[in-house]
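The following exercises concern a predicted model. Please study the sequence and the structure before working through the solutions.

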Amino acid sequence: MSTVEIISSFGDDAQCANAIEELRAAKVGDFNTFAPFPSHRIEHAIGKKKSPVRWMVLGGGISGILTGLAITIGTTYEWRLNAGGKPLLSWPPFIVICFELMVLLGGISGFLGVLMMSGIPAIEIAPGYDGRFGEDRFGLVVRCEETEAERVESMLKESGAEEVVREGI
Amino acid sequence: MQTIAVAMIVIGAIAFVIALMRGAAAIAWQAYLVNLLFFLGVAQGALAASAGFYLTQAKWGGSTPYRLGEAFAPFLWVGFFLFFGLFFGRAEIFPWVTHPIPQKAAWLNTPFLFARDGIGLGVMAAASFAFVRVSRADDARAWATATDDIELPPHSIRVFAPVVGVLFAVVYTLIAFDLVMSLAPVWRSTLFGWYFFAGAFWSGLSAMALTAVVLRGRLGAHNVFTNPIVMHDVGKMVFAFSVFWIYLVFAQYIVIWYGDLPVETFFIVQRAHHMPWSPLSVACVVLIWLIPFTVLMSVRAKKTPMILGTVAGLGLVGMWLERYVLVVPSLSLDAIPFGPTQFLISIGFLGAFLISAVPGLNRVAQAATSGEPVGDDAE
């Protein structure tokens, strides 16, 4: 038995999402989607779990607060300066530093997390990719057994695929 | 509801008159001012939210959020007339009426204050009503419910919505300076006006959220508020502007703390470090920022009407308390004068607020059950 790759293109993200839902319901093959813009419909159809980037941002934010506390408390003890008779450790200005560092490190870890989780930069082009999938077409590439190819193709066509191409691997 | 509201107004008015006759005028006028500021702020803040929705071209709830923001508008005229009632209590609430401050006499004098604030509130109410009128027109509703285009709102909306937004900032800064800051006439904080109307705006949003939750249960199975995506958006507004409020609190606090000038610090010291007021100040921060921020952070909490309604309701209590803590310590530093008189006067104001909201709420119910499409706002 050999595996084939079926490349289909859609003009509309709702149709593409529909095809994905049918494929998932039928439990055939493994698929990969290309979209010219992020589509909530397709995201829903894929049934992706919530991205772990949120935890990276939280981690970055908390480490920002800790860095802020270390800097403010550390420098205050290093250089004991009496400013206007206020207590040595005065919290109001520390809050500002901690807040800014929380935003900075949280933002940076969010940025890096997005790059990491979305696989940027992509060194190898994913199989089945077509230039049009970056312009105005949604691509759905299904990898399945040759015996099931007929069924998958008809499913894709029924969902409204404009083009369905079979390629052997 | 109308009967109960009328009864509340009558009770409040009787309590007010009895207090004046008993010689407890100061207590009565304090409650009058606090409630005027709070309910006027809720009504105007919610209306400004409706104008803000147009400015950001919000279609996430169809036309219902607009009707919701405009529901309390009739109270603006009630508040406008009640404001002139302060003229008779001016000696009780404005310290500079009995002890004029020569350097500030050009600004803090009775005729000029009532003239400028009266004109401000009148223009604000008139502009708000003009805005409500164009907002309820058919073309505006058609725009809000058209989910598949990116057209701008109708021209008349594009004229009145920015006017309402700018007037809200200007007039409520003036109100904050004249009716709150002037009670401690030597104190000043440039940001105070902004802080005051941002709080009013948030109380408007909370009142809208609470109304949405209450109507959700009363309007049958298929109203807009049963849509979790719409409730999520309502919750986001409450969450976001609660953070904005604490930002403005801190922005003023740190400048005053750093400068450490007695003429500036006393206002905060009296409220945050002086008994019996400090627990109330802490309660304000907890109710307006800490609870909304921590509870509404999660998507599920925003989508759960019971949680959102509770947070918004507590927030409204917190905002009333905040107005109380801003006003009363300037007049009665060592004791909290809250008692039956002030409670009943507050009930009277609540009754006036509710009865003036009835026609608007009927419109909300109509829009929410009309089955119109709402914006395609997937999570």
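**Exercise 1.** Determine the hand of the crossing of α1(B) and α16(B), and state which residues make the contact.

Solution. Step one: the crossing of α1(B) and α16(B) is left-handed; a crossing is left-handed if the near helix is turned anticlockwise from the far one by less than a right angle, and right-handed if clockwise. Step two: on the α1(B) side the contact includes B:Gln2, B:Ile9, B:Phe16 and B:Arg22, and on the α16(B) side it includes B:Thr341, B:Gly348 and B:Val358, where contact means heavy atoms within 4.5 Å. Step three: the contact residues comprise 16 nonpolar, five polar and one charged. Here Ala, Val, Leu, Ile, Met, Phe, Trp, Tyr, Cys and Pro count as nonpolar, Asp, Glu, Lys and Arg as charged, and the others, Gly among them, as polar. Step four: α1 spans residues 2-22 and α16 residues 340-368 of chain B, and the two pack at about 145° with axes 7 Å apart. Axes are lines fitted to C-alpha atoms, for helices over the stretch in contact, and angles run from 0 to 180 degrees between N-to-C directions. Helices (H or I, at least four residues) and strands (E, at least two) are DSSP runs, numbered from the N terminus.

Conventions of the model: it is predicted, local features need pLDDT of at least 70, side-chain atom pairs count only at pLDDT 80 or more, and totals for chains, interfaces and linings use all residues. Residues are numbered from 1 along each chain as its sequence is written, chains are lettered from A and ligands numbered from 1 in the order in which they are written, and side-chain values use heavy atoms, with hydrogens and water left out.

**Exercise 2.** Identify which residues touch the most other members of the largest nonpolar core.

Solution. Step one: a nonpolar core is a set of buried Ala, Val, Leu, Ile, Met, Phe, Trp, Tyr and Cys residues joined through side-chain atoms within 4.5 Å; buried means under 20% relative accessible area, exposed over 50%, partly exposed in between (1.4 Å probe, protein chains only). Step two: the largest core has 122 residues, and B:Phe72, B:Leu86, B:Tyr172 and B:Leu179 touch the most other members. Step three: helix α2 (residues 25-55) of chain B gives the most to this core, with 21 residues. Step four: beyond four places in sequence, the contacts of B:Leu86 include B:Trp29, B:Phe114 and B:Leu179.

**Exercise 3.** State how much area chain A and chain B bury between them.

Solution. Step one: buried area is the accessible area (1.4 Å probe) that two parts lose on being put together, summed over both. Step two: the two chains bury about 810 Å², 68% of it on carbon and sulfur atoms. Step three: A:His40, A:Lys86 and A:Pro92 lose the most area in chain A, together 53% of what that side buries. Step four: ten residues of chain A and nine residues of chain B take part in the contact.

**Exercise 4.** Locate the cis peptide bond from A:Ile120 to A:Pro121, and describe the setting of B:Gln57.

Solution. Step one: most residues other than glycine have a negative phi, and most peptide bonds are trans. Step two: the bond from A:Ile120 to A:Pro121 is cis, with omega near 0°, and A:Pro121 lies in the loop between α4 (91-117) and β3 (138-145) of chain A. Step three: B:Gln57, although not a glycine, has a positive phi of about 55°. Step four: B:Gln57 is in the loop between α2 and α3 (64-70) of chain B, and counts as partly exposed at 34% relative accessibility.
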